[in-house]
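Visitor: I would like to learn how to read the places where parts of a protein touch. Please take me through an example.

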Amino acid sequence: MLGFYFDSTVCNGCKACNIACKDKHDLPVGVNWRRVVEYTGGSWSVSGNTAVPSVFSYYTSISCNHCENPVCTQVCPTTAMTRREDGTVFVDDEKCVGCRYCEWACPYSAPQFNAETGHMTKCDLCADYRDAGQDPACVAACPSRALDWGPIEELRAKYGNANAFEPLPDPEITRPNLVIKPHRDAQPSGMGTGHIANPKEI
Amino acid sequence: SAAAQGDGIPDAKTVWSACVVNCGSRCPLRLQVVDGQIARVLPDNTGDDSLLGRQIRACVRGRNMRERVYGPGRIKTPLKRREGTKRGDGVWDEISWDEASELFAKEMLRCAETYGNESLFSVYGSGVWNAHISSSALAGRLFNLVGGSLSYYSNYSYSQIGTITRFHYGIPDECTSNSFENSIQHGRMLVLWGNNPQETRMSGGGNTFTSVQAAKTAGLRIVVVDPRYSDSAAVLADQWISPRPGTDAALIAGIIKHLVDNDLQDQKFLDDFCVGFDEHTMPEGVPANLSYRSYIDGKGPDGVVKSPEWAEEITGVPAHTIRQFAVDLAMTKPVNITQGWGPQRHANGENQARAIYLLSNVLGQVGIPGGGTGGREGYFWPLTSWFPAGENPVQASISNFGWSDAIDHGSEMTATKDGVRGVDRLPSDIKFMVEFGGNMLASQHADNGALRELLRDESKCEFICVIDNQFTGSAELADLVLPDTTTAERWDLVPSEYTGDMAYLIMAEPAIEPLHNSRPGYDIFAGIAEKAGVGKEYTEGRTLEQWARHMYENEHRPAVPSLPDFETFRQLGVHRYYADMDNPEAGTHVSLRSFREDPVSNPLGTPSGKIEIFSLELYDMSQTWEFPDGKKGDRITSIPEYVATWEGAEEARQPGAQYPIQLIGHHHKSRTHSTYGNLAKSKEAHHQVLWLNPLDARARGIADGDIVGIFNDRGRVQIEVRVTPRIMPGVASLPQGAWIQWDENGVDHGGSNNVLTSLHPTPVAKGNCQHTTLVQVELVSAGTKA
């Protein structure tokens, strides 16, 4: 089963991954198969003339996680959303009627509605690039080398199992094929110690 | 070849091109072409993840090149402002290239004849900066062939440090520090002082990559000094110190006071390599108690001891943090203190820059592996050369920031009042101006509203031509607008710049035919030269492609012998090279190494040959330079002392201050200055918002996502606010470079920080100081949900 690895310790939120994905798949404004979330928290203590920060901020780059338990496939009324043998979750344009149930069900907002076509669209881990022996566009794009992909067992052997940090949902919901190297300030899931700082950019 | 790999489109032709903007890096792009259209923009696929062989992966900006080429912002054909309308009215007539070239040549020659060649000016613009052929030299060559033009010194990036460094280190530009690579090899600590490589150097082949290596692989202790929790702080820093903007020289005085009180300074270095730190190394002929030591000990003219508590009051950084930082610096050597260009972009920027240099001097870190000079991180400068502009017969020059004054009252500008060089007084106002690949006229200079009024006055500057591939706000203010191509439509040779110890050259060849009725900049200027009677001299009989081949064979290959032949280079696309080709690892940059090894044989270019912490030249200038409309802080000091200025931190904190918020303008991830700032996908990825601290927001009834007004006596911007603890209280940041959207009331809704900045220049450099700006912020309307 294929999945992604993301190194949160080196990501500066530049979004080259997002733009490379949009270029590769000819995605219009409003359709973002890969999104970069800024999670920020902390405060200042002001005393007399001094102002002392206790602040954190880090980014999480997320596309479809090609989950072990993909709720998008379960809610799809037309069987358009299916899981391929390699584990990648795929939407069949011929069958999709654009009802957007999958969009509502997915806790990662991976399926994205393309208003121009009236259909759902999503990351296929750049199937044609993989067939040609190349990395997915986002992985090859990252200036910080924060992204990797491959069989999830290999990724976990190489990078560990962690994937439960704010602002991501509880991984038990869909069991994502995703491994994250946590930022030094990564906040455990469900703590709500910070907030998503760029809600309109994702 | 690497370029030709299929990448999922089997029949595509893939050619090498580049993102050529002034981010300081430059990245190769592989453009895949299908049926004469660019279908994909692909990254570099040469190199690897090694420190000195790294792949040069383009960032979010360059990867959006397809929208820049095909977007609706392109200028399609030459446009002439309609007779009877005013500049900025937006009424245009399409004209032919023949008419356009004739008009440019006629007006240029008329102004040169009527007012002298000092009335011609090519204003700063960096949208096509540093391509070897399509550069500002294209305009310079034309001007030089018709008798020359007024020129400028320094630049908007580092006006203050670029001018003041010759007094400190004897170098007529900035003095770089050691490279990040050198710190990785030899250092223990790295200070990023107002330095933000993760946002200002975003190329995956440049300092985004090397700074991550320093933090994660080499494990250097990294301290970020910045009023904003930058992405460099988020990704790299072990410690973040946040002084109020423009108070860095005070912070450093407090640090140095603690160092000398505990005998932690490198006194031998100060005695042997520097003048003016102590009274016993002062030059002869100046009064006593003007050394830096006297200044911090309270024995100088102000009589104030520069204790950490004194610095705390000014900077907002607690005295115990200042003491701890001082000790860390002294105990964690070698330490490379690198400064970005934010600290010097202040009204006291000359002293800010020198103070950071000084800290590395006091620690004795100059010229040693792993140490540094306190300048920006060093790099191996490309040896390849630019399109030849020729010699400029005109001697007069002004600062990069002085052109709006020179339009308004150039013939009143002098050497000691306005920093005019080459002549004592300018003989003429600027009457003819060309802007090539830049947005200075609209959003990148200061006080955009006042500037717009000045430029609309046709009795001042009589002719303005803007040449660009996007219809910028500057184009709106022109008499003649000429459509340049993008890099994707022309030949060029593209060098690296601030990319550390790995230099490279990128092949750029036309992927597609010029769109619409556009022409490569070279062909534009060659056509004008022909109308001006200097066509043959301009072209030397060469087409653009022939110039690329000519320069490659006759300039670049002799300078960089490892370069392959031209046809091979077209296939390879990128060529990496190093100061020491045989052993790149051994050639990493140690700034001022020869001076440190033998200061007698290798003296600096200062009058003493040493580092001048006290500058006798500046001391003399402090007596002779004139400040007729002086504002607070308009003074020249011999040592890098802290100077409180107009619209500085003290003024902001005065009880009842009308404008209590210090506004800075950090570089935005979606743009390089204003380039890419008009593209829908770039704007979708990174919104233009004001950064405001929760404490300041709460005091004003402002919530995250609201629309706020940001204003002072110069102008008003209304834009969405991001309420975030990532900016310190009392400070706000409006990222620079946004495209202006004026409404009918003169309010900008695009978020140009320069609507609010001042045209008042700094004391020595006469440079731009955009981070010295006070504003008030107020709620306009509640925001909408995501």
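**Reading two interfaces**

Guide: Between domain 3 of chain B and domain 4 of chain B there are three salt bridges, a salt bridge being a side-chain nitrogen of Lys or Arg within 4 Å of a carboxyl oxygen of Asp or Glu. One of them joins B:Asp231 to B:Lys669, with the closest N and O atoms 2.7 Å apart. This is a predicted model, in which local features need pLDDT of at least 70, side-chain atom pairs count only at pLDDT 80 or more, and totals for chains, interfaces and linings use all residues. Residues are numbered from 1 along each chain as its sequence is written, chains are lettered from A in the order in which they are written, and side-chain values use heavy atoms, with hydrogens and water left out.

Visitor: How many residues of domain 3 of chain B are in contact with domain 4 of chain B?

Guide: Contact means heavy atoms within 4.5 Å. By that rule, 24 residues of domain 3 of chain B touch 23 residues of domain 4 of chain B.

Visitor: How is the size of an interface given?

Guide: The size is often given as the accessible area lost when the parts come together. Buried area is that loss, found with a 1.4 Å probe and summed over both parts. Domain 3 and domain 4 of chain B bury about 2100 Å² between them, 57% of it on carbon and sulfur atoms. On the domain 3 side, B:Arg228, B:Arg345 and B:Glu350 supply 31% of the area buried against domain 4 of chain B, more than any other three residues.

Visitor: What area do chain B and chain A bury between them?

Guide: Chain B and chain A bury about 4600 Å² between them, 49% of it on carbon and sulfur atoms. From chain B, B:Arg57, B:Arg63 and B:Glu684 supply 14% of the area buried against chain A, more than any other three residues. In this interface, 64 residues of chain B are in contact with 55 residues of chain A.

Visitor: How many salt bridges are there between chain B and chain A?

Guide: The count is nine salt bridges between chain B and chain A. Among them is the pair B:Arg66 and A:Asp26, whose closest N and O atoms are 2.7 Å apart.

Terms used
Buried area = accessible area lost by both parts, 1.4 Å probe.
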